[in-house]
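Thanks for coming, everyone. I would like to walk you through one site, slowly, for those who have not seen this structure before.

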Amino acid sequence: MSSTTIPTIQIPKCEPGIGKLIFQPDSTDLIEGVRIEPHPIWADDRGYFLEIARLTQGLGADFPPATTQVSAALTYHGAIKAFHFHLHQTDLWCVTQGMFQVALVDLRPDSPTFGLKNTLYVGQLRPWRILIPPGVGHGYKVIGITPAMLVYLTDRLYNPKDEGRIAYNEPGIAYDWELQHK
Ligand SMILES: Cc1cn([C@H]2C[C@H](O)[C@@H](COP(=O)(O)OP(=O)(O)O[C@H]3O[C@@H](C)C(=O)[C@@H](O)[C@H]3O)O2)c(=O)[nH]c1=O
């Protein structure tokens, strides 16, 4: 997280598709450095409660209190935000409302999982926090019929120079954003 090594970024040549589906937090198909932490949703007759993260525990353990930023993004049904990546910043995502199709791709040629794509369906129906290290391309599509809310921690304050963007339909990544009819 506070590593000073800046990843080299390279667009891989992926097979078209959604990559490896992640159905278990400890899946061996996860991109190197990506981590998942299931969390409870406490539902009752008033609504529900959930914890976004604890800075000293779990996936938030290494987030420095002095520079951690907490952000929220509400995204409309069907919208895609992808692909973004960071050179220094680590993200910790927690979905508070709705469902996301999260797409990850390893852009680090020095990584053992370079070029690997992961797809995770997360949110109210699968409450998982996701840690995304620098050099891992990330994005999402809102699935379901309602807008969805992502609340996330970053280990440093917003710096647009740290963020890179790759088109959602970049041919080298060849991510299939369509509904997977089968
Ligand atoms: C991310 C961010 C944006 N902004 C501003 C810049 C801009 O005017 C406006 C909208 O910014 P963006 O279009 O970059 O927002 P957005 O596309 O939601 O960016 C976010 O997307 C998700 C998927 C991520 O991975 C995040 O790391 C971040 O890249 O908000 C901040 O002031 N602080 C921030 O931390």
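Please keep in mind throughout that this is a predicted model. Let me begin with His 84, which, if we set aside its neighbours within four places in sequence, is in contact with Val 136, Gly 137, His 138, Glu 163, Gly 164 and Arg 165. His 84 itself sits in strand S6, which runs over residues 80–86, and with a relative accessible area of 15% it falls under the 20% limit, so it counts as buried.

The UniProt annotation "active site", from an unreviewed entry, covers His 84 together with Tyr 152. Tyr 152 belongs to strand S12, residues 148–154, and at 21% relative accessibility it counts as partly exposed. Its contacts, again leaving aside neighbours within four places in sequence, are Gln 69, Val 70, Ser 71, Asp 91, Leu 92 and Trp 93.

Now to the ligand, which is surrounded by 13 residues, with Gln 69, Lys 81, His 84, Glu 163 and Arg 165 as the closest. An oxygen atom of the ligand lies 2.4 Å from a polar side-chain atom of Glu 163, and for Arg 165 the corresponding distance to a ligand oxygen is 2.7 Å. Taken alone, the ligand exposes 660 Å², of which the protein buries 61%.

Which element gives the most to the shell around the ligand? That is S6, with 3 residues.

Definitions and conventions: Residues numbered from 1 in each chain as written. Predicted model: local features only at pLDDT ≥ 70, side-chain atom pairs only at ≥ 80, totals over all residues. Heavy atoms only, no water. UniProt positions renumbered as here; feature names shortened; annotations may be inferred. Helix = DSSP H or I, 4+ residues; strand = E, 2+ residues; numbered from the N terminus. Buried < 20%, exposed > 50% of the residue type's maximum accessible area, 1.4 Å probe, protein only. Contact = heavy atoms within 4.5 Å. Near = heavy atom within 4 Å. Polar contact = N/O pair within 3.5 Å; in protein donor to acceptor, adjacent residues only side chain to side chain. Areas by Shrake-Rupley, 256 points an atom, 1.4 Å probe, with all protein chains shown as cover.
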